[in-house]
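Here are some notes for someone opening this structure for the first time. Keep the viewer open and follow along point by point.

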Amino acid sequence: MTDSMRFLTYDDLDEIQMEFGTPTFVYDEATLRANAREVLNFPNAFGLFPRYAMKAAPTAAILRIFNEEGLGIDASSVHEVERAVRAGFGTEAISLSTQELADDFIYWAQDGIKINLCSINQIHKIGRWGKATRVGLRFNPGKGSGGNNRTNVGGLASSFGIWKDDLNEAIKLCQEYKLVVERIHTHIGSGSDPEVWKMVASMTLHLARAFPSVETINLGGGYKVARMPDEKPTDLQEVGAPVKELFKSFAEETGRQLKLEIEPGTFLLAHACSLVTRVQDVTSTGTDGYRFLKLDSGMTEILRPSLYGAQHPIHLVCEPGQQKFRESMEQVVVGHCCESGDLLTPAPGDPEALAPRILPRGEIGDFCVIEGAGAYCSSMATKNYNSFPEAAEVIKKEDGRLAHIRKRQTFDQIIENEVVP
Ligand SMILES: *Cc1c(COP(=O)(O)O)cnc(C)c1O
């Protein structure tokens, strides 16, 4: 009745409902592994180490799959470092680029993680500690390529990284503190345009000229995927080829053969997970209004539509025998929170506007499967808002079996830290 689902079957949905309940995130092991292999194949001149940006989806079972495939970790807080270590990563495979360099960094630094300092104050902090010798520096090269100020992480409106014009101050401080800069890092946001990657790679290499000790360039993540048919996916071979050439010319010019690191999150996860929900109510505001399908899920699992006006494929799936009775029509899909922003079908890039989707007429009890839900959904939702429990996560193994990777939160867990003095 709708285009077929990416990796789930109707029988899977039935099993999910019976064994795990809804809403449940379902990850696909085959897709996770295939994506990891594609990333490991990124063009490079003198060696590559891809890191998984684990903030996209930090569940241990996912980390273990990427560990097996040979990826390292990009952690965005000391807590993520700890999570990666508990999931089995060695500290040498972890790099930390964080907006909050919590004091605990010293234990992990002593244990061998790599740190990319993301501000002038972070240079002071690690310098004053006095025991670090080799560090990375994250710069804001002055350009970003995200779709808007919410997804842009480079340029004037972005606080991430040492601003490019502070290069000389960074050099001076590293000399004073006797820090050897071994890595330059930039991460400028979601883009699929090879020209932009080329430009950022050349700006980053330019920064590497200022630090003769640099051995590695890390170009961050931001490889956009096409969740919707009109979006343009990133072709890793296409964006990587000119970058590889730049590394080669840099080597010819300077004699320095730099290694490359990349840190995809979205690219590895986005298509590897679908959120399985059910329609639990249907309301209408009459002939001049809308027909609303209310899910047993919403911003408590997937916030991106409310936050950015992000678009996700939505499949309304009813029992196979019923399909012929359901004509397609415009419907608005909303979540279960008492919050008008809890909307699954906003206009693209405009979270305030309702953009009804053409879907088969939905009824209570139908499944509603939201695809492209692997990156920044489970990890970034408004957990426990309206006191809904955190959803379960399940993996579809390569042999087709479904298994828990995170159980649904219990009611006791929601309130376990509360104290009535
Ligand atoms: C979030 C993040 C990434 C991953 O970004 P994606 O858009 O998910 O690929 C990589 N590096 C850093 C430093 C990040 O903060």
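1. A cut-off to start with: a residue is called buried under 20% relative accessible area, exposed over 50%, and partly exposed in between. Ser387, at 48% relative accessibility, therefore counts as partly exposed. Do remember that this is a predicted model.

2. Now the overall picture. The protein chain has twelve helices and 20 strands. Its radius of gyration is 23 Å, close to the 22 Å that the globule rule gives for 421 residues, so the chain is as compact as a globular protein of that length. Along the principal axes, the C-alpha trace spans about 70 × 55 × 45 Å.

3. How much of the chain is tucked away? Buried residues account for 54% of the 421. As for contacts between residues at least 6 apart in sequence, 71% of them join residues at least 24 apart.

4. Back to Ser387, which sits in the loop between E18 and E19. Its phi is near 60°, a positive value in a residue that isn't glycine. Asn386 is in the loop between strand E18 (367-370) and strand E19 (392-396) too, and has a positive phi of about 60° although it is not a glycine either. Asn386 is partly exposed, at 31% relative accessibility.

5. Another backbone spot worth a look is the peptide bond from Thr22 to Pro23, which is cis, with omega near 0°. Pro23 belongs to the loop between helix H1 (10-19) and strand E1 (24-28).

6. On to charges: there are 23 salt bridges in the structure. One of them pairs the side chains of Arg33 and Glu68, at 2.7 Å from N to O. Arg33 is in helix H2 (residues 29-40) and Glu68 in helix H3 (residues 60-69), so this pair ties together parts that are 35 residues apart in sequence. Which partner is buried and which is exposed? Arg33 is buried, with a relative accessible area of 10%, whereas Glu68 is exposed at 59%.

7. Next, a bridge inside a helix. Glu82 and Arg86 are four residues apart in helix H4 (residues 78-86), about one turn of the helix, and their side chains meet in a salt bridge of 3.4 Å, N to O. Glu82 is partly exposed, with 33% relative accessible area, while Arg86 is exposed, with 68%.

8. What does Arg134 pair with? Its salt-bridge partner is Glu215, and the closest N and O atoms are 3.4 Å apart. Arg134 lies in strand E6 (residues 134-140), and Glu215 is in the loop between helix H8 (194-209) and strand E9 (216-218), so the bridge ties together parts 81 residues apart in sequence. Both ends are partly exposed: Arg134 at 41% relative accessibility and Glu215 at 38%. Elsewhere, salt bridges with shared partners join Glu29, Arg33, Arg37, Glu68, Glu69 and Glu398 into one network.

9. Last, a helix pair. The axes of helix H6 (residues 120-129) and helix H7 (residues 167-176) come within 10 Å and cross at roughly 0°, which means H6 is roughly parallel to H7. Which residues meet there? From H6 come Ile120, Ile123 and His124, and from H7 come Glu169, Ala170, Leu173 and Cys174. The contact divides into five nonpolar residues, one polar and one charged.

Technical notes:
Residues are numbered from 1 along each chain as its sequence is written. This is a predicted model: local features need pLDDT of at least 70, side-chain atom pairs count only at pLDDT 80 or more; totals for chains, interfaces and linings use all residues. Side-chain values use heavy atoms; hydrogens and water are left out. A salt bridge is a side-chain nitrogen of Lys or Arg within 4 Å of a carboxyl oxygen of Asp or Glu. Helices (H or I, at least four residues) and strands (E, at least two) are DSSP runs, numbered from the N terminus. Buried means under 20% relative accessible area, exposed over 50%, partly exposed in between (1.4 Å probe, protein chains only). Axes are lines fitted to C-alpha atoms, for helices over the stretch in contact, and angles run from 0 to 180 degrees between N-to-C directions. Angles under 35 degrees count as roughly parallel, over 145 as roughly antiparallel, 65 to 115 as roughly perpendicular and the rest as oblique. Contact means heavy atoms within 4.5 Å. Ala, Val, Leu, Ile, Met, Phe, Trp, Tyr, Cys and Pro count as nonpolar, Asp, Glu, Lys and Arg as charged, and the others, Gly among them, as polar. The radius of gyration is taken over C-alpha atoms; the globule rule is 2.2 Å times the number of residues to the power 0.38.
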